[in-house]
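Please look at the sequence and the structure first.

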Amino acid sequence: MEKISVAIRFRPPTPTAVDPSSDRIWKVEDNRISLHWPLGTPISGVSFAFDYVFDQSYNNTMVYDPLIKSIIRAAINGFNGTAFAYGQTSSGKTFTMNGSEEDPGIIPLAVKDVFRTIEMTTDREFLIRVSYMEIYNEEINDLLTLGNQKLPIHESLERGIYVAGLREEIVNSSVQVIELLKLGEENRHFGETNMNTRSSRSHTIFRMVIESSARDSMESEDVSNADAIRVSVLNLVDLAGSERIAKTGAGGARLKEGKHINKSLMILGNVINKLSESGKQRGHIPYRDSKLTRILQPALGGNSKTSIICTVAPEEVHIEESRGTLQFASRAKRITNCVQVNEILTDAALLKRQKQEIEELREKLQGSHSEVLEQVILKQRNDMHKSELEREKLAMELEEERKRRAALELCIKDQQKKLEDLSSLCTSDYASVSIQPKKSSRTMLDDASVSKHNVLRTPNFKAVGDDFVMKRPSCFMELDSSPTLEAFGNTADEDLWMQLNKGCITDLDMLQLTPDIKCQPLPLFDMPHEPVLNEDAGSKRCHSLATECDFIRQQLEALREKYNIMETECTLLNEENFSLFGALSLSKQENEQIRAEKEELLDKLNEEKQKLKELKKDIQRFSLEFVKKTGLQVALHTKLKEVSEKMKALKVPSDG
Ligand code: ADP
Ligand code: MG
């Protein structure tokens, strides 16, 4: 168990804003901060203690050394590490994380430290990958690839929580990383009109994944039994301005103003609050409620060495915000993490997957071309990694496209059905319109009299059924009868009339608007010698039906157009889908090709090895024979010497 380290950093005051004679001031003594009245008396209740307090005299290196250096060392040894800057806008978060040319910040200092340390670590081999992302409006954007936006967060056993489709660049020098950071900053500014607003509302996360394995294991014949691979993740985070959060109060209650709230930052506050509570009261920690807390989950109460730098603006006008920052920092100080080395014994690590190949290729070139080859391999690995990411992204896009297509198809089917309904409606309406005028006004009257003469009664009349019902459009046919008055409220508006008369509003309107007719509704049907009015009503009815028909026809046309547009969209989507499939299979092919090339190289290498082994055996055999023959020669020589000695000895007495 390890507590999170919390440091407070005061930026220098803005010269114009300070008036020492009337301002309350923050005083720093050792690692304690307290607020004082202008005359120097401390304000009670405003005093906080932290692991480190840096006043304006500290530069970035002086902050880095005690607070971050140990995290970097630990990350190189396989521990996750996180450092983030929290504070209100303009309090110095970006200055602390990025720094300036003269005073490099934590990120460049950490990058240099990582490469310096791994260069000195001779017993391990490292593979470093970096990524750079931004969370803006709860969307994750890749800062290393322009247009790579709205990336989802995934979780897997092998990789833990990760951002799918995020570009991860394999790097082998600090210069390379600094270049990538510059590229990220440029991409962030791209097309942005108000950069200040964006940077105060977005979080940036610079991430290094450090993999390493013991060098000795490289010499081992069987890679699967090699030493464990260590994989650690280092997050360096520049958070959005905390001013809105501070205004929500110590309890983290929601801001009442309907303005923009940075959800991630608010959830971060909630997560820290929960984590700072003692174990029993703690309950559910809402990591999943925001993108930021999800990504930083291991850093907060999980497996990571974490440092928080809370930046504070010293001016009087910022005192309330600063107090909020200090309260946040005090709660964060209570969090404990459970830190352990991340070791992997499976083939999952990228390094492990490729180290044998690197070693063998290095052996093959032996000496002169090894550096060139290393570059080639690095590039090949980068390419492969990229194509893997590309494939993953394409698959995701394809899935989304498929979903969209399915939804569109559903929509089209729905429209088609509506169209068919409307077509049939139109046909039946036309039929009724064309038949009606053929009837004589007399017949219409006859029909009307059959319907018990109650047609033009006022709505107070409860009885249903009228002659217009016989002529109403087919869309109303499914209704058994007009609704009774009880079904409606007290007010009789136009809709009610419409429903009561099942579409025959025109006639009623006419009758209502013409007082003469309205006054004598019943005699109209009782006196057949008033044909002018009846014919008039008939033709009005025809006219109204024709208008209705025209309206439906227009609707039909509009729907047809909509349908056509949707069909075109669907075709376009299909084509896009098709091309995505193409791209996917192409990238697969490329992948296959790279794999095949690799295998070919490996085969050749094995052949070479085999030949080498045979050669070695031959040499051994020859040297054995050589030794044997030399032994024989020596033996022969010795014998010859002995014989000649004997001969000499025999010769001497005979002479004598
Ligand atoms: P934030 O990222 O919190 O919004 P910045 O880092 O952009 O704030 O800082 C605001 C301004 O204050 C910048 O001009 C920055 O250069 C300056 N500044 C912040 N901290 C320091 C510091 N410790 N020393 C010198 N200048 C600083
Ligand atoms: Mg900033």
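This is a predicted model: local features need pLDDT of at least 70, side-chain atom pairs count only at pLDDT 80 or more; totals for chains, interfaces and linings use all residues.

Residues are numbered from 1 along each chain as its sequence is written, chains are lettered from A and ligands numbered from 1 in the order in which they are written, and side-chain values use heavy atoms, leaving out hydrogens and water.

Helices (H or I, at least four residues) and strands (E, at least two) are DSSP runs, numbered from the N terminus. Strand E7 spans residues 81-87, and seven of its seven residues are buried (under 20% relative accessible area, with a 1.4 Å probe and protein chains only). In a regular strand the side chains alternate between the two faces of the sheet. From E7, Gly 81, Ala 83, Ala 85 and Gly 87 point one way, and Thr 82, Phe 84 and Tyr 86 point the other way.

| Partner of E7 | Sense | Bridges |
|---|---|---|
| E14 (residues 229-238) | parallel | five |
| E15 (residues 305-312) | parallel | seven |

Ala 83 stands opposite Leu 236 in E14, and Phe 84 has Ile 308 in E15 as its bridge partner.

Strand E14 also holds Asn 235, which is buried at a relative accessible area of 5%. The side chains of Asn 235 and Arg 207 are joined by a polar contact of 2.8 Å (a pair of N or O atoms within 3.5 Å; within protein, one must be able to donate a hydrogen and the other to accept it, and residues adjacent in sequence count only if both atoms are side-chain atoms). Leaving aside residues up to four places away in sequence, Asn 235 touches Gly 81, Thr 82 and Ala 83, among others; contact means heavy atoms within 4.5 Å.

Helix H1 (residues 60-67) and helix H2 (residues 69-76) have axes that come within 4 Å and cross at roughly 50 degrees. H1 is therefore oblique to H2, since angles under 35 degrees count as roughly parallel, over 145 as roughly antiparallel, 65 to 115 as roughly perpendicular and the rest as oblique. Axes are lines fitted to C-alpha atoms, for helices over the stretch in contact, and angles run from 0 to 180 degrees between N-to-C directions.

The axes of helix H9 (residues 263-276) and helix H12 (residues 319-332) come within 8 Å and cross at roughly 45 degrees. H9 is therefore oblique to H12.

Technical notes. Buried means under 20% relative accessible area, exposed over 50%, partly exposed in between (1.4 Å probe, protein chains only). Two strands pair if DSSP finds at least two bridges between them.
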